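Me: Could you walk me through this model before I set anything up with it?

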Amino acid sequence: MAAAFDQTVEPTYQSIDREVLRLMEPGGLAYWAWICLCAFFVCIAAALWTNQIYSGLGVTGLTQPTMWAIYITNFVFWVGIAHSGTLISAILFLFRTRWRTAVYRVAETMTLFAVATAGLFPIIHLGRPWFFYWLIPYPNERYLQPDFRSPLDWDLFAISTYLTTSALFLFMGLIPDVANARDAAKGWRKIFYSLVSIGWRGTDRQWRHFSMAYLLLAGLATPLVISVHSVVSWDFAMSTLPGWHSTIFAPYFVAGAIFSGVAMVLTLLIPMRRILKLNDLITPWHIDNLAKVILLTSLVVTYSYIVESWATWYSGDPIEQMTFHMRYFGPQGWLFWMMVTCNCVIPLLLFSPRIRVNTVILFIITLFINVGMWLERFVIIEGSLATNFEPSQWRFYHPSVTEIFVTIGSFAWFLMLFSLFARFMPIVSMTELKEGITWLRQALRNNYSRAS
Amino acid sequence: MNGDIMVIGSFADDGHAAHAIEHLKEEHVENLRAFAPIPSEKIEEALYHGKSHVRGWVLTGGICGVITAFLLTVGTSLEWGLIAGGKPIVSFPTYFVIFFELMILGGATSSVLGFMVNAGMPVLDPITGYSDRFSSDRFGVVVSCATESDCAKVEAMLKQDGAEEVTRETEQAA
């Protein structure tokens, strides 16, 4: 399918609509094969989880002292992935950052499905998941203390607020675009889009209140981004376990979350841009800026690693120092060094402007970052538990087949939801691209002149 | 809008549409509305004075969220009444996290609710004067007029202010 724009024709409102609405046409065989492949892995994960419920947590690799391992790693990883969506959509909206317009819908969608995926893991991790509501603190007759001092309860409020706010933010942004799709659609799609757009016609009255509501939602979502991953970090930092009990955890986790989230945005965006031929909507300018965010947050994460190690050495606490010694040079030390390579060394390549716009190399770098950030969470969670206060209890964890396939299933679940959304909803915001059409034209002119 | 005939001017950009609205207002034409594919500050400034009431909704929602959090945490802790770890039963510093989260939750849900109430959504009936192009690439100014002479005057003004196309439509009964 030919792209809407070329070097001599500048983008217009109509051509933006045409390009984005083209993405919402019914998917071909390859698309549905991809959805089936994802669904297949989700089914395997569901079957293994069902077996886990039936047989008990003995089918996992969880054992004393590592009763938190891959499932909680996945939880923290997916919450972190969710972070960049709100960063790109809310914080950059408040700063009126020009390059966000083409990529923010992808990031917001990713946020919603990443939080939805993350929310599954505390439940999957339960031996009796049907009692998950026991976590909700309210006056009860079950002799369960509603302990609001527990960071796990804070987490419940933080994650559910984040899920709700992210969903509302995505929904609000979708309304004008879905109304546009409604006007171009026929049959059941027209009915569906009419329902989702709740009668939007773009009247002055609607825009007036929409703009204010969207601005205030962005203002509310901004501190929420900072708070949610801080609260997640306090799940660990509030304990006295060596390797967890650290005041640096909140900013360290927030920076890491933005780092991994933006990397995941590019992991999704680069293949999507190529497969769906979106080169004229998502330009090297957009990709270059996302790569710069990755580079900046990589440096912050590297700084956090150094400060964490330095604080441990300076504390003079032998137990803390032994935990870190085991983290670096113990039986699982290779995981730590792999993490450092992926998160601190490889992203340094992004200092090169050529690499920042080379989508193949950039895609590979983002894959390394995804692996590195998953490892970071695993090293912190599992490594600290495995080498706790009492050396006689030390025991390293090994994942079971169930945990490995549930983890793979979570990626398949996330990718399936994202792919379905991208086919049925506008995955690029037409409204905001039109608002920033001058910048899009400028970006296209600059990139074409650079290419020529 | 009270009139039976709607005059619809279609504009290529919001600047011309806003100018037309200002011109119509100068001539004391009040029964008008605008359609736009993107938010336009120019059109909003031409039509409205003051800010949207959604702000009040968000403030109220946020305050309600904090009050809910206060009642939930303090009330539940007092109802349980167990001293744990030598800490006070009501430990405010740890409750501030819950206060904050529910404030955001209350504010966020109220912002969407406030938008829907103030914008009169969901809209179930068609809006007279709306065209599919107003969600795509054109800005519309719709004026309700009671008499033929008023309509002719409005049409002339819209054309003078740069309307690409001026049409008429009969207002649909509510």
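Reply: What follows goes from the chain contact to a strand, the core and a few residues. This is a predicted model, in which local features need pLDDT of at least 70 and side-chain atom pairs count only at pLDDT 80 or more, while totals for chains, interfaces and linings use all residues. Residues are numbered from 1 along each chain as its sequence is written, and chains are lettered from A and ligands numbered from 1 in the order in which they are written.

Me: How many residues of chain B are in contact with chain A?
Reply: In chain B, 54 residues are in contact with 45 residues of chain A, where contact means that the C-beta atoms, placed from the backbone, lie within 7 Å.

Me: And which elements give two or more residues to that side of chain B?
Reply: They are strand S2 (32–35), helix H2 (41–47), helix H3 (54–80) and helix H4 (92–118) of chain B, and H4(B) gives the most, with 17 residues. Helices here are DSSP runs of H or I with at least four residues and strands are runs of E with at least two, numbered from the N terminus.

Me: How is chain B divided into domains?
Reply: Chain B has domain 1 (5–50 + 123–170) and domain 2 (54–118), with bounds that come from an automatic or database domain assignment. The C-alpha centres of these two domains of chain B lie 44 Å apart.

Me: Switching to strand S3 of chain B, how many of its residues are buried?
Reply: Seven of the seven residues of S3(B), residues 139–145, are buried, so the strand is largely enclosed by the rest of the structure. A residue is buried if 20 or more other C-beta atoms lie within 10 Å of its own, exposed if 12 or fewer, and partly exposed in between, with C-beta atoms placed from the backbone. Both faces are covered, with Phe139(B), Val141(B), Val143(B) and Cys145(B) on one side and Gly140(B), Val142(B) and Ser144(B) on the other.

Me: What pairs with S3(B)?
Reply: Strand S1 (residues 5–11) of chain B pairs with S3(B) in the antiparallel sense over seven bridges, and Phe11(B) has Phe139(B) as its bridge partner. S2(B) also runs antiparallel to S3(B), joined by four bridges, with Phe35(B) opposite Gly140(B). Pairing requires that DSSP finds at least two bridges between the strands.

Me: Which residues have the most contacts inside the largest nonpolar core?
Reply: That core has 172 residues, and those with the most contacts inside it include Val265(A), Ile21(B) and Val141(B). A nonpolar core is a set of buried Ala, Val, Leu, Ile, Met, Phe, Trp, Tyr and Cys residues joined through C-beta atoms within 7 Å. Helix H8 (residues 204–237) of chain A gives the most to this core, with 17 residues. Both domain 1 (5–50 + 123–170) and domain 2 (54–118) of chain B give residues to the core, so it lies between them.

Me: Is Ser260(A) buried or exposed?
Reply: Ser260(A), in helix H9 of chain A, counts as buried, with 31 C-beta neighbours inside 10 Å. Leaving aside neighbours within four places in sequence, Ser260(A) is in contact with Gly80(A), Ile81(A), Ile369(A), Asn370(A) and Met373(A).

Me: And where is Gly27(A) found?
Reply: Gly27(A) is in the loop between helix H1 (13–22) and helix H2 (29–55) of chain A, and counts as partly exposed, with 17 C-beta neighbours inside 10 Å. Its C-alpha atom is separated by 9.6 Å from that of Leu420(A), 393 residues apart along the chain.

Note on methods. Two residues are in contact if their C-beta atoms, placed from the backbone, lie within 7 Å.
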